[in-house]
Amino acid sequence: MISQSVNSSVITAKLSATHLKDNGLLVLVGAAAAAEGTPGMIAYGIAKAGVHHLVKSVAAANSGFPAGAKVVAVLPVTLDTPMNRQFMPDADFSKWTPLEELSGKILGWAEGSEAVASGSLLKVVTSNGKTEYSAV
């Protein structure tokens, strides 16, 4: 879990610090659950909390990122993916965030048509097919 979440995010951040253009955007994936304690899934919580800390750290001044670059994390509850549907076939899919919704939001941030503050940890909650983003 640590390798999958933290190591890949650290590598991505390092590459972004080197290759991201001025005013670029790096979006990492944390988890809404890791904003609190995660009994029953401690390794998952530790890994995702590490991603949250990484975002706050590389978004800070003098982190080595290009001028004006933004670093944010999305913290979904559950993403609507084929694998999640396979392993949770009886779940309420109306509470799952469609990938198209999330990718559209990220595109808006990247193009500048929607504002996002660097260092933001944004909880992503979908209910009855409506998705909301809120700062954690």
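Let me start with asparagine 23, which is exposed, with a relative accessible area of 60%. By exposed I mean over 50% relative accessible area, by buried under 20%, and by partly exposed in between, with a 1.4 Å probe and protein chains only. This is a predicted model, in which local features need pLDDT of at least 70 and side-chain atom pairs count only at pLDDT 80 or more, while totals for chains, interfaces and linings use all residues. Residues are numbered from 1 along each chain as its sequence is written, and side-chain values use heavy atoms, with hydrogens and water left out.

Asparagine 23 sits in the loop between α1 and β1. Helices (H or I, at least four residues) and strands (E, at least two) are DSSP runs, numbered from the N terminus. The phi of asparagine 23 is near 65°, a positive value in a residue other than glycine. Most residues other than glycine have a negative phi. Asparagine 128 also has a positive phi, of about 50°, although it is not a glycine. Its place is the loop between β5 and β6 (130–135), and asparagine 128 is exposed, with a relative accessible area of 69%.

I turn now to helix α2, residues 42–59. What span should its 18 residues have, at 1.5 Å a residue? The expected span is 1.5 Å times one less than the number of residues. That gives 26 Å for α2, and its end C-alpha atoms are 26 Å apart, which agrees. The buried residues of α2 are Gly45, Ala47, Lys48, Val51, His52, Leu54, Val55 and Val58. Their cover includes α1 (2–19), β1 (25–29), β2 (70–76) and β5 (121–127); contact here means heavy atoms within 4.5 Å.

How do α1 and α2 meet? Two packed helices are described by the angle between their axes and the distance between the axes. The axes of α1 and α2 come within 8 Å and cross at roughly 15°. That makes α1 roughly parallel to α2. Axes are lines fitted to C-alpha atoms, for helices over the stretch in contact, and angles run from 0 to 180 degrees between N-to-C directions. Angles under 35 degrees count as roughly parallel, over 145 as roughly antiparallel, 65 to 115 as roughly perpendicular and the rest as oblique.

From α1, one of the residues that make the contact is Ser5. Serine 5 is buried, with a relative accessible area of 5%, and touches Ala47, Lys48 and Val51, not counting residues up to four places away in sequence.

Two further residues deserve attention. Leucine 99 lies in helix α4 (residues 99–111) and is partly exposed, with a relative accessible area of 39%. Leucine 99 and threonine 81 are 18 residues apart in sequence and 7.4 Å apart in space, C-alpha to C-alpha.

Valine 124 and serine 134 are 10 residues apart in sequence, and their C-alpha atoms are 6.8 Å apart in space.

Thank you for your attention.
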